[in-house]
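Please read the following report alongside the sequence and the model. It moves from single residues to the fold as a whole, and then to the confidence of the prediction.

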Amino acid sequence: MRTLSPSFSAPGADRAGLWQMAAAMSISGTIGLFVIESGQSPWNVVWLRCVFGALGLALYGWRAGLLRQTGFTRRTLLLALAAGAALVLNWVLLFSAYRHASISLATAVYNVQPFLLIGLGALVLGERPGLARVAWSVLAFAGLLLVLPWHGDPVARHELLLGLGLGLGAALLYSFTALIVKQLRAIRPQVLALVQVTLGAVLLLPMVDFGALPATPGPWGWLVALGLVHTTLMYILMYSAIQKLPTTSVAALSFIYPAVAILVDFAAFGQRLDAQQWLGVAAIFVAVAGVSLAPVRRLVPSAPTAAPQRPAA
């Protein structure tokens, strides 16, 4: 994930940060499994994630004393709400992509987000990406083309294309979120996350199908975990790690997220990628590594989602 510049600390704190970041990215990589197993529509899943996540983050913020002085002004609050709207809609599109494509391919496409952010930075902020970043972007685009279905059953191909399109739309929304959050460096990330998931709980309320909510405890377990584990706990671990680790370590550990997602997709659902798709996924990840791990003059902070020199779900 793109992050605020972390502070450097003692070796013991660095080791704790490594474990915290690894745990956060591992948790993030299992989100797709929990979304699918909940059996709920993307609207219901995201709304309940926001509700439970807001409760957990509010309790944490209260206990940690983060809510006494939030640092919001009228302008920064409006920006936070705009970023939050893009963030929760990004979740809706990503969770929809899981159902039409697969967790593996949706995650791979979602990870082109850094290159969309580079493009938006050039268009909106007039930033110059540099020749190296343009080259990495071309490699990521080539990988995306390899992931696309060029043959096979037309119905299955259409379904996969729809899923990949939703994943790409989610990445674009995440890029808008990150672009806005560049202007909110003074706000504590846990407080920003609380504002955004609270907005999501309100914003998505009209879209919730209450009649389809689970009638048995099993699905509720998956849904509560998405809010309390994959939102509250994950962000607490992630931001604690970011405060302890150099940015290169954060970037490197962020690759745990897509790796775990692909492994979970294979173990839980038997999803297998063909040789061309593996080549495309590898090209995307190599390109992201090239952009994320290269030294840059200025870092771009990310909205709480992810994560993660690349996004977390």
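Apart from its neighbours within four places in sequence, Leu 233 is in contact with Ile 27 and Leu 228, where contact means heavy atoms within 4.5 Å. Leu 233 belongs to helix H10; helices (H or I, at least four residues) and strands (E, at least two) are DSSP runs, numbered from the N terminus. Leu 233 counts as partly exposed because its relative accessibility is 36%, given that buried means under 20% relative accessible area, exposed over 50%, and partly exposed in between (1.4 Å probe, protein chains only). Although Leu 233 and Ala 23 are 210 residues apart along the chain, their C-alpha atoms are separated by 9.8 Å.

Tyr 235 is also found in helix H10, and it counts as buried because its relative accessibility is 1%. Between the C-alpha atoms of Tyr 235 and Ala 24 the distance in space is 7.2 Å, while the two residues are 211 apart in sequence.

## How the model was treated

This is a predicted model, in which local features need pLDDT of at least 70 and side-chain atom pairs count only at pLDDT 80 or more, whereas totals for chains, interfaces and linings use all residues. Residues are numbered from 1 along each chain as its sequence is written, and side-chain values use heavy atoms, with hydrogens and water left out.

## Overall fold and nonpolar cores

The protein has 13 helices and 0 strands, and buried residues make up 54% of its 313 residues. In soluble globular proteins, nonpolar side chains tend to be buried together.

A nonpolar core is taken here as a set of buried Ala, Val, Leu, Ile, Met, Phe, Trp, Tyr and Cys residues joined through side-chain atoms within 4.5 Å. The largest such core holds 76 residues, of which Trp 91, Phe 95 and Tyr 98 touch the most other members. Helix H10 (residues 217-242) gives the most to this core, contributing 10 residues. A second, separate core consists of 9 residues, among them Ile 180, Val 181, Leu 184 and Ile 187. Not counting residues up to four places away in sequence, Tyr 98 touches several residues, including Ile 31, Val 35, Ile 103, Tyr 257 and Ala 313.

Asp 265 is found in helix H12, which covers residues 256-269. The residue is buried yet has no salt bridge, and the nearest side chain of opposite charge, that of Arg 272, is 10 Å away. A salt bridge is defined as a side-chain nitrogen of Lys or Arg within 4 Å of a carboxyl oxygen of Asp or Glu; for charge, Lys and Arg count as positive and Asp and Glu as negative, while His and the chain ends are not counted. A polar atom of the Asp 265 side chain does lie 3.3 Å from the backbone nitrogen of Ile 103. Beyond residues up to four places away in sequence, Asp 265 touches Ser 102, Ile 103, Ser 104, Gly 270 and Gln 271.

Val 264 lies in helix H12 too, and it is buried because its relative accessible area is 15%. Its C-alpha atom is 8.4 Å from that of Ile 103, a residue 161 places apart in sequence.

## Asn 111 in a loop

Asn 111 is found in the loop between helix H5 (103-110) and helix H6 (113-124), and it counts as buried because its relative accessibility is 0%. A polar atom of the Asn 111 side chain lies 2.6 Å from the backbone oxygen of Thr 107. The C-alpha atoms of Asn 111 and Leu 168 are separated by 8.7 Å, with the two residues 57 apart along the chain.

## Confidence of the prediction

The mean pLDDT of the protein is 85, and 89% of its residues reach 70 or more; pLDDT is the predictor's confidence in each residue, from 0 to 100. Over residues 1-9 the pLDDT is below 50, and this stretch has 45 contacts in the model beyond near neighbours in sequence. The pLDDT is likewise below 50 over residues 296-309, a stretch with 76 contacts in the model beyond near neighbours in sequence.

Conventions
A polar contact is a pair of N or O atoms within 3.5 Å; within protein, one must be able to donate a hydrogen and the other to accept it, and residues adjacent in sequence count only if both atoms are side-chain atoms.
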